[in-house]
Amino acid sequence: MSGPDQPAALSGKVLLELSGVSKSFGRQKVIDEASLSLRGGRVMALVGPSGVGKSTLLEIMAGLTRPDSGRVSINTPPSLLFQDNSLIPWLSALANLTYILPGSMPPGQAGNLALYWLAKFGLDPEKFPQAMSGGMRRRLALARTLAAGRALVILDEPFAFLDSRWHELIIALVAQMAHNGALVVLAGHSVPHSLSAIASGRLDVAEVASQPIRLRWP
Amino acid sequence: MPRRPKDDENRQWPIGPAMPDPGDWESLPGDDGPLGDFPGPSPEGLDLSAIGKARPKGRALPAWAPYLISLGLWALALKLANRAFGPALAPGPGSVVAELWRLALCLDLFREMGQTVFRGLAGVILANILGLALGLLAGRASWALRLTSPLVAGLQACPPIVWVSLVMVWAGTGSLVPMATVFAATLPFVFSNTAQGVMGLDGRILAMGRLYGVPTARVWRLFVLPGVAPFWLAGLSTVLATGWKAAAVAEFLGSHTGVGARIYWSYSQLRMEELQAWTLALIVLGLTLEGAIITPLRRKAAKLASKGAA
């Protein structure tokens, strides 16, 4: 593999930069002057309790939410695991995945790629989200996020609703992506020990314990 | 359906760096566990033979019985009116059915009903084209919907007679009156239902489409239109139910042809058998529309809505 978007080219490069970013909802300040500079080949874990604004920060990183002030530089297209999954209820698992794949990809190839990721997460391609358990929906949303094949992967609560065997798979995938040059940003209540073990050399952990988030990294 | 890829095919996918080398997948944990998660068929199997065969207890009436009972009650009412007012003002059921038969034989029945249905449908189709377009636009801008909601509610509350009078003043009498009346009476329903459908769409899924650069045509085909469909179908069933009635009223007042016009003509000539026959024809037309189109549409809308809400 070669080219500007390939691992060798991206590893070590700044893929995401936030400088002096603030965001409020009404009178409530959620993010206060956050500044980050994150490079390819790393895993950044934002750890903190629910409701402090981690999801808002991740959406700003993905370019979905506009900050009130500050500058956001996203240097490669992101992929985001939404906290609420955001699956399309009337599309099958397979169609939910192929929905986000590039229009330029031949349908057969897109289908094969989607089937690959569905199999990886143990999902039936023909099943609809309404017929799935919470864990299966989460796995489908994860499969969709990873199938996009992007170098900036943002995962909001990737371990929620999933048992330990899926944690292992996700951790292995995160480590693999970072090894391949991608920047993985994930948010959760804690960092699983196995992630620390597998990606120890590449893992950065930032505590965001209270509101507003005042993060400076590095 | 695309087949499952082989490993060597995976290697050719031109995906970015987040896609791990497929050769490494075999060593990743979870490969055995997750795939073992598929629920296979139970070895004993399930007895599915009873599904769909259960019937409520008690003797069920055949499907045609309510229609027969209604027809009997209608005949009884005509008979009583006949006794009270005499045959000149209230013909008996036998003469009404005979008149209906005569109208059918000389094809007047089908010609006039065809015109009424055509005018009603033309108005409904035009209202759907414009109402869908405006509703899809307004649903994306909630401020526009808020600003126009009193106007739309007012238009929905307007009785068809208002539109009939206006169109007759502006365009005289003829086919335009029922078509424009149906159009004006049904447009607000299509518009507001469509706009509500668009507003109900999950904004995060639209945002996700932007995030991944999903082509606009795909967003509309797979997300927006199926999401709006239950609302639109519910609106369509309402406008079909009201459209043909509005068409008949408009023909009564502002047209020389169609079932409504024939009712007016029979009334003005005091030809009571024909008046009752056209009334009966109009009721049968309404029941046919209800059974063949409106009820299935409502069922479809409810089914789609429950699928989307899950």
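In the hairpin of β1(A) and β2(A), 2 residues lie between the strands, and Gly26(A) takes a positive phi near 65°. This is a predicted model, and the predictor gives the complex an ipTM of 0.86 alongside a pTM of 0.72. Chain B brings 12 helices and 0 strands to the picture.

**Strands of chain A**
- Strand β1 (residues 14–25) of chain A runs antiparallel to strand β2 (residues 28–39) of chain A, and 8 bridges join the two.
- Phe25(A) stands opposite Gln28(A), a residue of β2(A).
- β1(A) also pairs with strand β4 (residues 69–74) of chain A; this pair is antiparallel too, with 5 bridges.

**The largest nonpolar core**
- In soluble globular proteins, nonpolar side chains tend to be buried together.
- Here the largest nonpolar core has 130 residues.
- The residues with the most contacts inside this core are Ala114(A), Trp117(A), Leu118(A), Ala143(A), Ile154(A), Val174(A) and Val184(A).
- Helix α10 (residues 216–254) of chain B gives the most to this core, contributing 15 residues.
- Take Val184(A) as an example to look at in the viewer: leaving aside residues up to four places away in sequence, Val184(A) touches Val43(A), Val153(A), Leu155(A), Val174(A), Met177(A) and Ala178(A).

**Chain B: overall make-up**
- Reading along the sequence of chain B gives the pattern α-α-α-α-α-α-α-α-α-α-α-α.
- Chain B has 310 residues, of which 33% count as buried.
- Among chain B contacts between residues at least 6 apart in sequence, 73% join residues at least 24 apart.

**Chain B: confidence**
- The mean pLDDT of chain B is 78, and 79% of its residues reach 70 or more.
- Confidence in chain B is lowest in helix α2 (residues 32–35), with a mean of 36, and highest in helix α11 (residues 259–269), at 92.
- Over residues 1–52 of chain B the pLDDT is below 50, and this stretch has 67 contacts in the model beyond near neighbours in sequence.

**A look at helix α11 of chain B**
- The buried residues of α11(B) are Val259(B), Gly260(B), Ala261(B), Arg262(B) and Ile263(B).
- Just after α11(B) comes Leu270(B), which takes a positive phi of about 55°.

Methods:
Residues are numbered from 1 along each chain as its sequence is written. Chains are lettered from A and ligands numbered from 1 in the order in which they are written. This is a predicted model: local features need pLDDT of at least 70, side-chain atom pairs count only at pLDDT 80 or more; totals for chains, interfaces and linings use all residues. pLDDT is the predictor's confidence in each residue, from 0 to 100. Helices (H or I, at least four residues) and strands (E, at least two) are DSSP runs, numbered from the N terminus. Two residues are in contact if their C-beta atoms, placed from the backbone, lie within 7 Å. A nonpolar core is a set of buried Ala, Val, Leu, Ile, Met, Phe, Trp, Tyr and Cys residues joined through C-beta atoms within 7 Å. A residue is buried if 20 or more other C-beta atoms lie within 10 Å of its own, exposed if 12 or fewer, and partly exposed in between; C-beta atoms are placed from the backbone. Two strands pair if DSSP finds at least two bridges between them.
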